[in-house]
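Please read them with the model open.

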Amino acid sequence: RSRRNQAEWENEYFPVDADCGTFDGEEQQWQAGPTIEPVSEGECVDAFITNDVIDMLVNATNAHAKLHHAAKVVALSRTAVSPPPKPKKVTRGEMYAFIAILIAMGVKHSKCEDDNWSRDPFFRFDFVATLMTRQRFREIKRHFSVANPTPEENEANRLAKVQPILDLLNAIVRRNYTPGRNLGLDETQLKCFSRWARFAFRGESKKPISDYLRVIAIHESRTGALVKAIVDTREHSISKLLDRATAGVSQSGRLHTLATDRLYTGVDNARRLRREKNMLMFGTVRKDRGVPQDLQEEVKNKPLYDGEHRWRMTAQGESVVVWRDTKKEGCYFLSTHHDPRPTVYVERRQRGYRGTKLKTSPHVSSDFNEDMGPVDQSNSLKESYAIALQHKLRWYMPVVYYSLEMLIVNSYIVWRYWHRDCTHKAYRRALAEHFAAKARAEGGTRTVARESSTPTRARRLYGDKLPEDRFDLTHMHLPVRCENTKSVCRLCFFRTRKTKYQTPWKCEKCDVPLCIKKDLNCFKEYHTVVDIRRNQDA
């Protein structure tokens, strides 16, 4: 490829037809920025997390719970075990409460989810504990979904389980925000907890994530607002991925510049985007992506000094620039609209020197750093208060949480456009309170804690107090085997109010099941200790 393109590159400047601001002789004039002007944080986020999103989450979650219950019934039909009860349907109010809890958990992160409902005030999060019970949160999390495709649909489309939320994400962000002229394309890694996911990538040695899903996103370079996002399914080449990511971005003949990294930048891709989609590509480029061979040999034979750059250009307007920043071999840039001759001064850090130094740099390098910076800032906003939960079996859930997170981040960017004094943490808190208020209005929050009117079987048998006749010595208290296989330990249930501690032993006189273990002797403690206290969380 380098030999084929060698004759096109010249050490001579050719005027660029599509320079900054014009395309085919027409000025690019359109209003870039938000299309809404909200008066409150709740109104702003409601424009992104719309009723369509909530209805999709509610319907898909209920459908997933129904399918899961039906599969359990079929599995237990071959045994003597009775089938489980039908799952309770998720309402809109409960979905609002669930989203509020996700946002609150992102702001006040805890390693253990159960700590948010702890009786210990040191670990307890009252906002979460008063909004929804822990058991109900687990049930919704277990079935939280956006689509339930058939096996045939899932086989035909690898993204069938997340395609609805991705389509809504791209439609909502384009409806509420008009992107400007300069765009940046970068990829995001979503941690995947399943190594056998359908299109997961194995992490490189320098990456902190071992298994991840790759999302390719286009952001506006001025504010970092998301324009479009797609998921790499490992079915297409780089050029086809680039076509999928840029499809529908440039509308009504508008001209955009697109900053990309070395994975996507290439001479063939740049020419195709300019010819078919009115997009001018520029960014770092690999040496085997059309870089002229004579420029590489010139740099090799005559090394660059610090801050120097050399260039080649074609008659069509493409230019390749090599600039020395930190590496001796230099960094290569490709552009379809930059003039490679002029330079600007940039501040760069240098090893062994405190502070920064001024260094000359070509325009393509400074524009690349300027356009890719807001993309990294948008990803930083997404990771600051991430709402992702761990799902070790459903590998596709990181894409769902990414979509919800980007809806929130774009809503914050729109809010900051009109209100510059609002911090990210304060905005997240306002969103959590907004969804909690909507949940209370819909009746989706938990009721006041009270004793159940229908006590469990263990409570009916054991009661809430230990009997006083356990100290009666008129007869011997001897351990014997229970008639059944195992029974709930009376003392363990009194301490924890849980029925998972079962034992095959009981007292012959008291007829009470009690544990007899090497590290736990409830039988001895039951008949000798007077003041037995419950655990604090019971």
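1. A residue counts as buried when its relative accessible area is under 20%, and as exposed when that area is over 50%. Keep in mind that this is a predicted model.

2. Take Thr257 to begin with. Thr257 lies in strand E9, residues 256-260. Its relative accessible area is 1%, so Thr257 is buried by the cut-off of under 20%. Leaving aside residues up to four places away in sequence, Thr257 touches Arg181, Asn182, Leu183, Leu280, Phe282, His337 and Asp371.

3. Next, helix H11, residues 293-301. Its buried residues are Leu295, Gln296 and Val299. They sit on the same side of H11, because they cover an arc of only 100° around the axis. An α-helix has 3.6 residues a turn, so residues three or four places apart point the same way.

4. What do the buried residues of H11 pack against? They pack against strand E11 (309-313), strand E12 (319-323) and strand E13 (331-335). The face of H11 turned away from the buried side carries the exposed residues Lys300 and Asn301.

5. Now the helix pair. The axes of H9 (residues 238-246) and H10 (residues 267-276) come within 11 Å. They cross at roughly 30°. Angles under 35 degrees count as roughly parallel, and H9 and H10 are therefore roughly parallel to each other. Their crossing is right-handed.

6. Which residues make that contact? H9 supplies Ser239, Leu242, Asp243 and Thr246. H10 supplies Asn269, Arg272 and Leu273. The contact residues divide into two nonpolar, three polar and two charged.

Note on methods:
Residues numbered from 1 in each chain as written. Predicted model: local features only at pLDDT ≥ 70, side-chain atom pairs only at ≥ 80, totals over all residues. Heavy atoms only, no water. Buried < 20%, exposed > 50% of the residue type's maximum accessible area, 1.4 Å probe, protein only. Helix = DSSP H or I, 4+ residues; strand = E, 2+ residues; numbered from the N terminus. Arc of directions from axis to C-beta. Contact = heavy atoms within 4.5 Å. Axes fitted to C-alpha atoms, helices over the stretch in contact; angles between N-to-C directions. Parallel < 35°, antiparallel > 145°, perpendicular 65-115°, else oblique. Left-handed = near helix turned anticlockwise from the far one by under 90°. Nonpolar A, V, L, I, M, F, W, Y, C, P; charged D, E, K, R; others polar.
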